[in-house]
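Colleague: I am new to this structure and would like to go through it with you one question at a time. Could we begin with a single residue and then widen the view?

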Amino acid sequence: MILKVEDLRVKYGQVEVLHGINLTIREGEIVAILGANGAGKSTTLMAISGLVKPSAGRIFLDDFPLHEAPAHEIVNRGVAQVPEGRRVFGTLTVAENLRLGAFSNRNQEQVEQIEARIYELFPVLKQRRDQLAGTLSGGEQQMLAIGRALMAGPKILLLDEPSLGLAPILVKTIFRTIQHINESGMTIVLVEQNARAALKLAHRGYVFEVGRVVLENSAEKLLADPNVQNAYLGGVA
Amino acid sequence: MEEFFQQLTNGLAVGGIYALIALGYTMVYGVLKLINFAHGDLFALGAYLGLTLLTSLGLNSRVGPLAGLALLVVFVTGLVALAGALLERAAYRPLRQSPRLSAVVSALGASIFIQNTIMLIYGSKIHVYPKGILPAVAVNIFGLQVPLVRILVFVVSLLLMAALFAFIQKTRLGTAIRAVAIDQDAARLMGINVDQVIMIVFLIGPGLGGVAGLLVGLYYGQVNFTMGWIYGLKAFTAAILGGIGNIPGAMLGGLILGVIEALGAAYVSVAWKDAIAFLVLIVILIARPKGLLGERVADKI
């Protein structure tokens, strides 16, 4: 499996916010996307998922052109996203949220198997399965959002700011879980403000600045890069 | 006391009709945040289609009363559902990305269009439903003589509401409809085809509204082409009363409104029937601005 973003441009109205993004995500990788607010990280993920349409450029999952497909089909092709702010369905139960993640999977038995694995990964969700998702804590909602995305049985998981608004202890838990999911073979794209934590986890990283990729390298090299240290890691640690 | 229970059963029957129409308003509002002003006219279309099936096509005399009634419900539901889906396609989908106000204007236009189409086809006179579709007998319930048609209207609306509730709560597609009502983009990320879900809502809502039209024809025995306006307004009130966007709320709101109206007409004045209904709405909205069942759980941010 390989995800390729080629010269991706996105406009909001008349304003171009992505000026030609190129990314290559290979099977089994964790790739971090770093950058300040408004650099175009989330927009890139939304374009991959089909929630915004590119004004130019192409996106391929293997040979399949994602940029031509509607959002619901992109999920079925194997690209799942955990959106920024989690976006769980607050007035639905935890179990209903998870089942929706596997909406297109008509194989009841298979859905139940995946659901059981999600409950293994996040035991707290099992305890709260009949509770409304809106009553969960922020950390639990993040786990639900990740679990829900995994329910689709994706080939690649896009995570948009999973640490946002969480207490440091929970951030650690979430990042450990992401690593765990990756070790079971899942390819992961991780958009993060928390650059240091993201680079410690990732194999490679891209640095975005105002709609462009300005740096691309292995995670270790980015961590050691003085420019990255100054701009995103709060100086030398 | 007899009078009270007669009015109560009458109110429940009328309330069931309001509830069926209110469901269409509330479901469409749920997924599109749009008041479908043409919904009352789709309800009137149901009443007139029922009339045509009974008179010109003589549906009832061909297959017997009970089977005829069942077929009538099926046909009217199907045809009005189809009209609802066409309406969505023609009047609302092209405006999905436009400002909310454009869709509202389009809804008002569609309302006038449907109402005038009915008038052009059937004329502006009041039409009378054929007599004897249902035997004009009363059923004894705990010593109370309740007309059969009243029981039928209430039972049909209750059955449809129960079926809808089960569908929305228990099925995969029903859950998808609730998800789309909460967050369309998040629903897309689940692999849900949002356009398709909206289309389904525009089949179900108008389908139920169409049956309500048929029930009004059967209950009162007459229909007119402007009936969509007042019933639409009442049902919209019921939807607000229960909490717009909330399906059990629409059911509850409809029944409450029907009962209050019937009792008001009996004990205060028939002339004040509508005023009493709207007074209750105002009082409840002052006390509970979200409606009776609105916003049970706030989403955490």
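Modeller: We can begin with B:Lys33, which lies in the loop between helix 1 (2-32) and helix 2 (39-54) of chain B. Please keep in mind throughout that this is a predicted model.

Colleague: What is the value of phi at B:Lys33?

Modeller: Most residues other than glycine have a negative phi. B:Lys33 is a residue other than glycine and yet has a positive value, with phi near 55°.

Colleague: Where in chain A is A:Asp7 found, given that it has a positive phi although it is not a glycine?

Modeller: The phi of A:Asp7 is about 50°, and because this residue has 13 C-beta neighbours inside 10 Å, it counts as partly exposed. As for its place in the chain, A:Asp7 belongs to strand 1 (residues 2-12) of chain A.

Colleague: Turning to the whole of chain A, what radius of gyration does it have?

Modeller: Chain A has ten helices and ten strands. For its 237 residues the globule rule gives 18 Å, and the value for the chain is close to that, so chain A is as compact as a globular protein of that length, with a radius of gyration of 17 Å. Its C-alpha atoms fill a box of roughly 45 × 40 × 30 Å along the principal axes, and the radius of gyration asked for is 17 Å.

Colleague: What percentage of the residues in chain B are buried?

Modeller: Chain B, with twelve helices and four strands, has a radius of gyration of 19 Å, close to the 19 Å from the globule rule for 301 residues, so it is as compact as a globular protein of that length. Among its contacts between residues at least 6 apart in sequence, 76% join residues at least 24 apart. Of the 301 residues in chain B, the buried ones make up 48%.

Colleague: Which helix of chain B gives the most to the side that touches chain A?

Modeller: Across the two chains, 19 residues of chain B are in contact with 25 residues of chain A. On the chain B side, the elements that give two or more residues are helix 7 (172-182) and helix 8 (184-189). By class, that side divides into nine nonpolar, three polar and seven charged residues. The element that gives the most, with five residues, is helix 7 of chain B.

Colleague: How are helix 10 and helix 12 of chain B oriented, roughly parallel or roughly antiparallel?

Modeller: The axes of helix 10 (residues 227-242) and helix 12 (residues 273-287) of chain B come within 10 Å and cross at roughly 25°. Since angles under 35 degrees fall in that class, helix 10 of chain B is therefore, relative to helix 12 of chain B, roughly parallel.

Colleague: How many nonpolar residues does the contact between these two helices of chain B have?

Modeller: Helix 10 of chain B brings B:Lys234, B:Thr237, B:Ile240 and B:Leu241, which meet B:Ala277, B:Phe278, B:Leu281 and B:Ile284 of helix 12. Besides one polar and one charged residue, the contact of helix 10 with helix 12 of chain B has nonpolar residues numbering six.

Methods
Residues are numbered from 1 along each chain as its sequence is written. Chains are lettered from A and ligands numbered from 1 in the order in which they are written. This is a predicted model: local features need pLDDT of at least 70, side-chain atom pairs count only at pLDDT 80 or more; totals for chains, interfaces and linings use all residues. The radius of gyration is taken over C-alpha atoms; the globule rule is 2.2 Å times the number of residues to the power 0.38. A residue is buried if 20 or more other C-beta atoms lie within 10 Å of its own, exposed if 12 or fewer, and partly exposed in between; C-beta atoms are placed from the backbone. Two residues are in contact if their C-beta atoms, placed from the backbone, lie within 7 Å. Ala, Val, Leu, Ile, Met, Phe, Trp, Tyr, Cys and Pro count as nonpolar, Asp, Glu, Lys and Arg as charged, and the others, Gly among them, as polar. Axes are lines fitted to C-alpha atoms, for helices over the stretch in contact, and angles run from 0 to 180 degrees between N-to-C directions. Angles under 35 degrees count as roughly parallel, over 145 as roughly antiparallel, 65 to 115 as roughly perpendicular and the rest as oblique.
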